[in-house]
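The following note sets out points for a colleague's reading of the structure shown below. Please consider them alongside the coordinates.

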Amino acid sequence: MNEVIELIVATLIQGFIYALMSYGVYITYKILDFPDLTVDGCFPLGAAVTAVLITNGVNPFLTIPISIVVGALAGLCTGIIHVKFKVRDLLAGIITMTALFSINLQIAGSNLSIGRDMDTIFTAAPTMAIFGGFSLLYRKLVVSLILVIVFKIIIDLYFKSKSGILLRAVGDNATLVTSMAKDKGTVKILGLVIANALVALSGCIVAQEQRSFSSTMGTGQVVFALATVIIGVTIFKRMSFVKGTTCALVGSVIYKACIQLAITIGLPANLLKFVTAVLFLVILIIGNRGKEGGAARA
Amino acid sequence: MKKILSIVLALTFLLSFAACAKDAEKEIPVIGISQYGEHSSLDNCRDGFLQGLKKAGLEEGKDFTVDYQNANFDDATATQIGQNFSSKNYALMCAIATPSATACFAAAEDKDIPVVFTAITDPVAAKLDKGNITGTSDKLPVEAQLQLIRALQPDAKTIGIIYTTSEPNSVSAIAEYKEKAGSFGFTIEAIGITAQAEAVQAADKLIAQKVDCLSNLTDNNVVGVISAILEKTDAAGIPIYGSEIEQVKKGCVASAGIDYIKLGIQTGEMAAKILKGEAKASDIPYETISEYETYVNNDQLKKFNITLPADIQDKAIDALAAE
C-alpha cells in the first residue's frame with residue numbers, strides 16, 4: 001500500500017509543478033485565443049537560468065523571481081514581434097522559440113546537472129526549518145503545493161483587477177477593449193508576458209526537482225500544456241463557477257496520472273504514448289457526456 | 001461533480017490495482033530498466049545488460065525479474081519512469097542514456113536504491129559519479145583511434161575533424177583529440193559547425209587544406225550527412241575513419257569503436273555484484289569499456305591502397321560481412 005501512496009504523491013508533485021506552465025498556457029490559449037509556441041523555448045529557458053544560478057551558488061529561492069523575469073522577457077519578445085511587427089501569432093511564437101533554443105545553449109550548454117551537494121528549494125535551509133521532519137518526497141509535495149496555490153491565488157486576484165478584466169476582454173471581444181480607448185495590442189503583450197513568466201517558473205521548479213537542465217526538455221511542452229488545459233476545461237465545462245486556473249491544475253494532474261498509469265500497467269514500452277492517448281480520449285468522452293445534448297455542444 | 005469524482009477515483013483505483021498486481025511477485029528482486037528510447041545502440045546496451053547478469057550466474061525469473069520501460073525520448077516521461085521505480089522500491093535501477101540516468105538518480109535521492117547506468121559519455125559532467133550510483137561510460141576510444149590511424153597511415157601528419165559546437169560529447173572529444181594527438185605525431189584541424197547544412201562545407205574546407213585523413217566523432221550532424229562527405233573525400237583521395245561500425249559500413253575505411261553489447265555485458269556484471277550484495281554501487285567507480293573492436297571496410301581500404309598490418313588484420317572485424 002505504501003508504494004501506491006508514494007506513486008500517487010510522486011504523480012501529484014509532477015502535476016503541480018507542471019501546472020504552473022498550464023496556468024500560463026491557459027492565459028494565452030484560452031483567454032487571449034493566442035496559440036503561443038514560445039513555451040517550448042521558454043520552459044527550458046527557466047530551467048537553464050536556474051541550473052546555472054544554482055551551480056554558481058546562488059540562493060535557490062532567488063532563482064524563482066529571476067526565472068519569472070527572464071520568462072517575462074521571452075513573452076515580451078513574442079508580443080512585440082506579433083503586435084508591433086505584425087507577424088502572425090503562430091510564427092511570432094516560433095521565432096522566439098527558435099531563438100531561445102540557441103540562447104539556452106549559450107546560457108547552460110546542452111546539459112547541466114545540479115549536484116546533490118547544491119541545495120534546491122526542496123532542500124535549502126528555510127524549507128528544512130519548516131518541513132525538515134518530512135521525507136524528501138513529502139517536502140517536494142508540500143513545497144510544490146504551496147507554489148501552485150500561491151500562484152493560483154495571485155492569478156485569480158489579478159483577473160479581478162481592472163487590468164485583468166481587460167485581458168479577459170481582449171480574447172472574447174476585442175472591439176470592446178478598443179471602444180474603452182485601450183490599446184488591445186498592449187493588453188495582448190501583457191498577457192504573453194504573464195503567461196511566459198509562469199512557463200519559465202515551471203521550468204525553474206522542474207530543473208530543481210530533477211536537478212538537471214537539458215536542451216531538449218522543452219520539446220513537446222506546448223502540446224502537453226494545451227492538452228492539460230483542454231482536459232481541465234472539458235471536465236469542468238458544466239461548472240461555470242470553477243476558475244480557469246483550477247481547470248489547468250486538475251488537467252495537469254490528470255495528464256501526469258495518465259502517463260504514470262500507462263507506465264504502471266506495464267504494456268510493451270513502445271506503446272506508452274498510445275496508452276496515454278487512449279486514456280485522454282476516455283477522459284474527454286466521459287467529460288463530454290452527462291446531460292442530454294451535452295455531446296452535441298462539445 | 002459526480003463525473004469528476006468518478007474520474008479521480010477511477011484513476012486512483014487503476015493505479016493502486018496496477019501497482020498491487022505487481023506486488024504478488026515481490027519475493028524476487030525486480031530490476032527496473034529505464035531506457036531513453038529505442039535505437040540500435042541503446043537496445044544493444046539493454047541486451048548486453050541482461051546477458052551480463054546471466055553471465056554472472058543470475059537467472060531471469062528465478063533470481064530477478066525485469067520491468068522494462070522506455071521514455072520514447074521524452075525527458076518528462078523519463079522522470080515519471082524513475083519515480084515509478086523508486087515508489088515501488090525496486091532492488092536496482094538500470095538507466096540507459098543520460099536523461100534516464102539523471103531521472104532515476106533524482107527519483108532515488110532519499111532512498112537506498114542503487115542506480116547502474118550505461119551509454120553515458122561523461123558521468124562526471126552529468127554529476128552521476130557520486131552517491132549510490134555506478135555504471136559504464138561509452139566515451140570514444142580516442143587513443144585507440146589515433147593508434148589505428150598511425151598504424152594504417154604511417155606518414156600522415158594532419159587529421160581533420162568536423163564537430164558540432166553545441167554537442168558536449170563532441171566538444172570534450174575534440175579536447176581529448178588535441179591533447180593526445182601530439183604523442184602520436186599528429187596535428188588536429190578541427191572545424192566547428194552549428195548546423196547539419198554546414199558539415200559538407202566544412203569537409204570542402206578540410207579537403208582544400210589537404211589534411212591526410214578525417215576522423216569522425218559520434219556527432220549527429222556529421223554522421224547524418226556522412227554519405228555526402230564521403231563522396232567528396234573519396235574523390236579527393238582522403239580516407240575517413242569512423243567512430244562506430246555503422247559508419248564503416250557506409251564507407252569509412254576503419255574505426256576503433258565501441259561494441260555496445262559488450263558495454264552492456266560489463267554493466268550487467270556490475271549490477272550482478274550489487275544484487276548479490278558483493279559490493280555497493282557507491283563503492284564501485286564507473287568504468288569505461290575495457291576493450292574496443294577494430295572495424296574495417298576492405299573495399300575502401302583497397303581503394304586507398306592501405307594494407308592492414310598483420311596484428312590489426314588478425315583482430316579486425318570486416319564491417320561489410322558483419323550482420
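Contact, as used in this note, means heavy atoms within 4.5 Å. The model is predicted: local features need pLDDT of at least 70, side-chain atom pairs count only at pLDDT 80 or more, and totals for chains, interfaces and linings use all residues. Residues are numbered from 1 along each chain as its sequence is written, chains are lettered from A and ligands numbered from 1 in the order in which they are written, and side-chain values use heavy atoms, with hydrogens and water left out.

1. Leu272(A) and its surroundings. Leaving aside neighbours within four places in sequence, Leu272(A) touches residues of both chains: Ile259(A), Ala262(A) and Ile263(A), together with Asn70(B), Asn72(B) and Thr77(B). Leu272(A) belongs to helix 12 of chain A; helices (H or I, at least four residues) and strands (E, at least two) are DSSP runs, numbered from the N terminus. Its relative accessibility of 5% makes Leu272(A) buried, given that buried means under 20% relative accessible area, exposed over 50%, and partly exposed in between (1.4 Å probe, protein chains only). The C-alpha atoms of Leu272(A) and Ala262(A) lie 5.9 Å apart, with the two residues 10 apart in sequence.

2. Extent of the interface. In total, 50 residues of chain A are in contact with 46 residues of chain B. The two chains bury about 4400 Å² between them, with 57% of it on carbon and sulfur atoms. Buried area here is the accessible area (1.4 Å probe) that two parts lose on being put together, summed over both.

3. Polar and charged links across the interface. Between chain A and chain B there are 15 residue pairs in polar contact, both residues being at pLDDT 80 or more. A polar contact is a pair of N or O atoms within 3.5 Å; within protein, one must be able to donate a hydrogen and the other to accept it, and residues adjacent in sequence count only if both atoms are side-chain atoms. Two salt bridges are counted between chain A and chain B, a salt bridge being a side-chain nitrogen of Lys or Arg within 4 Å of a carboxyl oxygen of Asp or Glu. A salt bridge joins the side chains of Arg211(A) and Glu109(B), at 3.1 Å from N to O.

4. Make-up of the chain A side. Helix 1 (2-31), strand 1 (111-113), helix 6 (136-160), helix 9 (184-210), strand 2 (212-214), helix 11 (244-265) and helix 12 (272-288) of chain A each supply at least two residues of the side that touches chain B. That side of chain A has 22 nonpolar, 19 polar and nine charged residues. In this classification, Ala, Val, Leu, Ile, Met, Phe, Trp, Tyr, Cys and Pro count as nonpolar, Asp, Glu, Lys and Arg as charged, and the others, Gly among them, as polar.

5. Backbone points to check. Which phi value does Arg211(A) have? Although Arg211(A) is not a glycine, its phi is positive, at about 55°. Arg211(A) sits in the loop between helix 9 and strand 2 of chain A and is buried, with a relative accessible area of 6%. Lys86(A), also a residue other than glycine, has a positive phi near 55°. Lys86(A) lies in the loop between helix 3 (63-83) and helix 4 (89-108) of chain A and is exposed, at 69% relative accessible area.

6. Aromatic pairs. Over all chains the count is eight aromatic pairs. Rings of Phe, Tyr and Trp (its six-membered ring) pair if their centres lie within 6.5 Å; planes under 30 degrees apart count as stacked, over 60 as edge-to-face and the rest as tilted. The rings of Tyr255(A) and Phe280(A) form a tilted pair, because their planes stand at 40°, with centres 4.7 Å apart. Tyr255(A) is in helix 11 and Phe280(A) in helix 12 of chain A, so the pair ties together parts 25 residues apart in sequence. Both Tyr255(A) and Phe280(A) are buried.

7. A buried serine in chain B. Ser34(B) lies in strand 1 (residues 30-35) of chain B and is buried, with a relative accessible area of 0%. Beyond its neighbours within four places in sequence, Ser34(B) has contacts including Gln69(B), Phe85(B), Cys94(B) and Cys104(B).
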